[in-house]
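Please look at the sequence and the 3D structure below. The report that follows goes through some loops, helix pairs and nonpolar cores.

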Amino acid sequence: MNPLTLATLRLLGDGAMRSGEQIAAALGVTRATVWNAIREAESLGLPVRRLRGQGYRLEAAPAWLDAGRIQAALGEEALRFRIQVAESVDSTNTRMLAAAADGTPSGSVLAAELQTGGRGRRGRAWASGLGSSLTFSLLWRFEHGAAGLSGLSLAVGVAVAQALAAAGADGIGLKWPNDVLFQRRKLGGILVELQGDALGPAAAVVGIGINVRLTGRVRAQVDQPAADLAEAGCSADRNVLLAGLLVRLAAVMERFTGEGFAAFEAPFRALHVLHGEAAQVLLPDGRALHGVVEGTAGDGALLLRTAGGLMRLHGGEASLRAAASVPP
C-alpha cells in the first residue's frame, strides 16, 4: 500500500468533505497523487464518497491504529509491552519471528493496518482488509522449552474469547484448535509459532486476526462462513480492543508458565462449540475420521470417540469440522 493512501484516509477520518486541492496541500503532493490514493483506497474496500465540485468524504471511517492510544489504553500495564504499528506488512508473524531471532524482548507487539500475506494454520492464507480487521502478533518468551508449550493456542483462544466478551461481544465460541467463532461462523484465528529448543528457553509468537467490520470485498475472499464483531454487538475502538486483548493475553501467558494447559482445559471446554457433538476430522493424508468430541487431553490434543475407540489428535495434523451424525 502506498503510504500516501493511508495518510489521505487519516485526513478524511473525521468524516468531513475535503477537496482534492485541500488534501494535496495538506500532504504536499499533487492532486493526481491524491486521486491515485483515493482509487487505491476504494480497491482496498473502503467506501469513499465523491461529490463533483466538493471533493471526497470517507464513509464510516475506522478508528485507525495508533501506538500512543494503545499505550494509553493499557494504563498501568503499558510498561509490559512495546507497541509498534505498521501501515502495511506481509505478515505480522513473519516479521515478529525475525525480530525474535534477533533478540527482541518479550512483550513486543506488532499490529498492522493492512496485512497482505497473512498466514493461518497449515499454510492457509488469512484475508484482512484495511481498517476492517485487527491483526497483530505478540512475542512472549518462556524459560522452559517448546516441549512444555503444548496446548498454548487453546489457552490463547480462551484469552481472546474472554477479552472480546469483556469488550461487549456476545456469543463468542471457540473451535479446536485455533478458531474464534460467532454463531459458528469464523470471527478470528490464532497462529502460534515457536522458536527455541525442546528443553531450553523458547519464544512464542502469537498471531491473532479478528474481523472487526468486514467489507464485501474481504467477505468474498474468505472460503468459509464469516462473521465480524459488529454482528456480535461489539463496537469498541480497535486501539482499546487491542489493549484489552494484550492485558488478557499477558495474564494467560503467566498462568500457562506455571500450570500449563491444565489450567485452561475447563474454560476451553465450556467455550468449545463442538464439545459433545458429532464431528469429522480431516487428516493430511486425505483420510477422514468420524466420532464424537469428548474434550481435550492435558496437552491440548483433541479427544475423539470413534467406532474404533478413543483417539488423540494434535492440531498440526488435523482439521476439525462439524458433522450431521456419526456413521455406525
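Ala 236 is partly exposed, with a relative accessible area of 27%. Buried means under 20% relative accessible area, exposed means over 50%, and partly exposed lies in between (1.4 Å probe, protein chains only). Ala 236 sits in the loop between helix H7 (216-221) and H8. Helices (H or I, at least four residues) and strands (E, at least two) are DSSP runs, numbered from the N terminus.

Leaving out residues up to four places away in sequence, Ala 236 touches Ala 167 and Leu 241. Contact means heavy atoms within 4.5 Å. Ala 236 and Val 212 are 24 residues apart in sequence, and their C-alpha atoms are 9.1 Å apart in space.

## Basis of the report

This is a predicted model, in which local features need pLDDT of at least 70 and side-chain atom pairs count only at pLDDT 80 or more, while totals for chains, interfaces and linings use all residues. Residues are numbered from 1 along each chain as its sequence is written, and side-chain values use heavy atoms, with hydrogens and water left out.

## Helices H4 and H8

Two packed helices are described by the angle between their axes and the distance between the axes. Axes are lines fitted to C-alpha atoms, for helices over the stretch in contact, and angles run from 0 to 180 degrees between N-to-C directions. For helix H4 (residues 67-74) and helix H8 (residues 238-259), the angle is about 50° and the axes are 8 Å apart. H4 and H8 are therefore oblique to each other. Angles under 35 degrees count as roughly parallel, over 145 as roughly antiparallel, 65 to 115 as roughly perpendicular, and the rest as oblique. On the H4 side, the contact is made by Arg 69, Ile 70, Ala 73 and Leu 74, and on the H8 side by Asn 239, Val 240, Leu 242, Ala 243, Leu 246 and Val 247. Sorted by class, this contact of H4 with H8 has 8 nonpolar, 1 polar and 1 charged residues. Ala, Val, Leu, Ile, Met, Phe, Trp, Tyr, Cys and Pro count as nonpolar, Asp, Glu, Lys and Arg as charged, and the others, Gly among them, as polar.

Val 247 is placed in helix H8. Val 247 counts as partly exposed because its relative accessibility is 30%. Not counting residues up to four places away in sequence, Val 247 touches Leu 74, Glu 77 and Phe 81. Val 247 and Ala 322 are 75 residues apart in sequence and 32 Å apart in space, C-alpha to C-alpha.

## Helix H1 and its partners

Helix H1 (residues 3-11) packs with helix H3 (residues 31-43) at an angle of about 85°, with the axes 9 Å apart. That makes H1 roughly perpendicular to H3. Leu 4, Thr 5, Thr 8 and Leu 9 of H1 make the contact with Thr 33, Ala 37, Ile 38, Glu 40 and Ala 41 of H3. By class, the contact of H1 with H3 has 5 nonpolar, 3 polar and 1 charged residues.

H1 also packs with helix H2 (residues 20-27), at an angle of about 115° and with the axes 11 Å apart. In this pair, Leu 4, Ala 7, Thr 8 and Leu 11 in H1 meet Ile 23, Ala 26 and Leu 27 in H2. The contact of H1 with H2 has 6 nonpolar, 1 polar and no charged residues.

## Nonpolar cores

A nonpolar core is a set of buried Ala, Val, Leu, Ile, Met, Phe, Trp, Tyr and Cys residues joined through side-chain atoms within 4.5 Å. The largest nonpolar core has 69 residues, of which Phe 136 and Leu 164 touch the most other members. Setting aside neighbours within four places in sequence, Leu 164 is in contact with Ala 169, Ile 172, Val 180, Leu 187, Ile 210, Leu 229 and Leu 241. Apart from this core lies another, of 16 residues, including Leu 12, Leu 44, Leu 46 and Val 48.

## Backbone features in two loops

A cis peptide bond joins Trp 176 and Pro 177, with omega about 0°. Pro 177 lies in the loop between strand E6 (172-175) and strand E7 (179-182).

Gln 183 lies in the loop between E7 and strand E8 (185-196). Phi of Gln 183 is near 50°, a positive value in a residue other than glycine. Gln 183 counts as exposed, at 55% relative accessibility. Arg 184 is also in the loop between E7 and E8, and its phi is near 65°, a positive value in a residue other than glycine. With a relative accessible area of 46%, Arg 184 is partly exposed.
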